[in-house]
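I opened my notebook to look through a new structure one item at a time. Here is what I looked up, in the order I went.

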Amino acid sequence: MPILKTENLSKTYGSGATAVTALNRVSLSIEPAEFVAIMGPSGCGKSTLLHLLGGLDKPGEGRIWLDGADLSTLNDTALTTTRRQKIGFVFQFFNLIPVLTAHENVALPLALNGAKDAQRRAHDWLGRVGLAERMNNRDGSGVRSRK
Ligand SMILES: Nc1ncnc2c1ncn2[C@@H]1O[C@H](COP(=O)(O)OP(=O)(O)O)[C@@H](O)[C@H]1O
Ligand SMILES: [Mg+2]
């Protein structure tokens, strides 16, 4: 069974003369452990597709199944839980919480999800991806010198 599947996914921004169709009946199917890259020129709809797949935005038409659940049938609470438990999303500009350290950023969603061992797991995973030395760093990407 696919872990992620879409059927005739469409999304139009705006309406009337200024309407832009970002996605036009996209159907795809991704199996567990499959590695997929979505490629295409700027403006072709990659970000729109990812926002829909991640449950961050809603399609105009079509449906998405994530781990068997039809996202269109979930209410806001269920969708929030799904986003927390079923999908990870790395934004182009990260969207880390700037006042928290790397360790705290990783531990936060685990703690929100009720994990008793959030601290230990965050520590473990940062180590596994080679960030043991950066546990206590904050996101410096937005820091600019003033002059
Ligand atoms: N919030 C929005 N409002 C209006 N048009 C949008 C919005 N987001 C994206 N678009 C338009 O939808 C199309 C697809 O954009 P996008 O999904 O960002 O493409 P990509 O990520 O492949 O560059 C583009 O024509 C873009 O201008
Ligand atoms: Mg994009």
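My entries below go from the whole chain to the ligand and then to single residues.

**Entry 1: the whole chain**

I noted before anything else that this is a predicted model. Then I checked the secondary structure and found 4 helices and 4 strands. Reading along the sequence, I wrote down the pattern as β-β-α-β-β-α-α-α. For the extent of the chain, I looked up the C-alpha trace, which spans about 50 × 45 × 30 Å along its principal axes. I also looked up burial: 20% of the 147 residues count as buried.

**Entry 2: around ligand 1**

Next I wanted the neighbours of ligand 1. The list I got runs Tyr-13, Val-20, Ala-22, Pro-41, Ser-42, Gly-43, Cys-44, Gly-45, Lys-46, Ser-47 and Thr-48. Sorted by class, that shell has 5 nonpolar, 5 polar and 1 charged residues.

Which elements supply at least two residues each to the shell? I found strand 2, residues 20-30, and helix 1, residues 46-53. Helix 1 gives the most, with 3 residues.

**Entry 3: contacts of ligand 1**

Gly-43 has a backbone N or O atom 2.7 Å from an oxygen atom of ligand 1. Gly-45 also uses a backbone N or O atom, and there the distance to a ligand 1 oxygen is 3.0 Å. With Thr-48 the side chain takes part: one of its N or O atoms is 2.6 Å from an oxygen of ligand 1. Taken alone, ligand 1 exposes 560 Å², and the protein buries 58% of that.

**Entry 4: Thr-6**

Is Thr-6 buried or exposed? I found Thr-6 in strand 1, which covers residues 4-13. Its relative accessible area is 2%, so Thr-6 counts as buried. I also followed its side chain, which reaches the backbone oxygen of Val-26 at 2.9 Å.

**Entry 5: rings and charges**

I looked for aromatic pairs and the structure holds 1. Then I checked for charges over rings. Lys-5 lies over the face of Trp-65, 5.6 Å from the ring centre. Arg-128 lies over the face of Trp-125, and here the distance to the ring centre is 4.1 Å.

**Entry 6: the loop between helix 2 and helix 3**

My last stop was a loop. Val-90 sits there, between helix 2 (76-86) and helix 3 (102-112). Val-90 counts as exposed because its relative accessible area is 70%. I also checked how far Val-90 is from Arg-128: they are 38 residues apart in sequence and 17 Å apart in space, C-alpha to C-alpha.

I jotted down a reminder on backbone angles: most residues other than glycine have a negative phi. With that in mind I looked at Phe-94, which is not a glycine but has a positive phi of about 70°. Phe-94 is in the loop between helix 2 and helix 3. Its relative accessible area is 45%, so Phe-94 is partly exposed.

What about the phi of Asn-95? I found a positive value there too, near 55°, in a residue other than glycine. Asn-95 also belongs to the loop between helix 2 and helix 3. Asn-95 is exposed, because its relative accessible area is 52% and the cut-off for exposed is over 50%.

Methods
Residues numbered from 1 in each chain as written. Chains lettered and ligands numbered in written order. Predicted model: local features only at pLDDT ≥ 70, side-chain atom pairs only at ≥ 80, totals over all residues. Heavy atoms only, no water. Near = heavy atom within 4 Å. Polar contact = N/O pair within 3.5 Å; in protein donor to acceptor, adjacent residues only side chain to side chain. Areas by Shrake-Rupley, 256 points an atom, 1.4 Å probe, with all protein chains shown as cover. Nonpolar A, V, L, I, M, F, W, Y, C, P; charged D, E, K, R; others polar. Phe/Tyr/Trp six-rings, centres within 6.5 Å; stacked < 30°, edge-to-face > 60°. Lys NZ or Arg CZ within 6 Å of the ring centre and 35° of its normal. Buried < 20%, exposed > 50% of the residue type's maximum accessible area, 1.4 Å probe, protein only.
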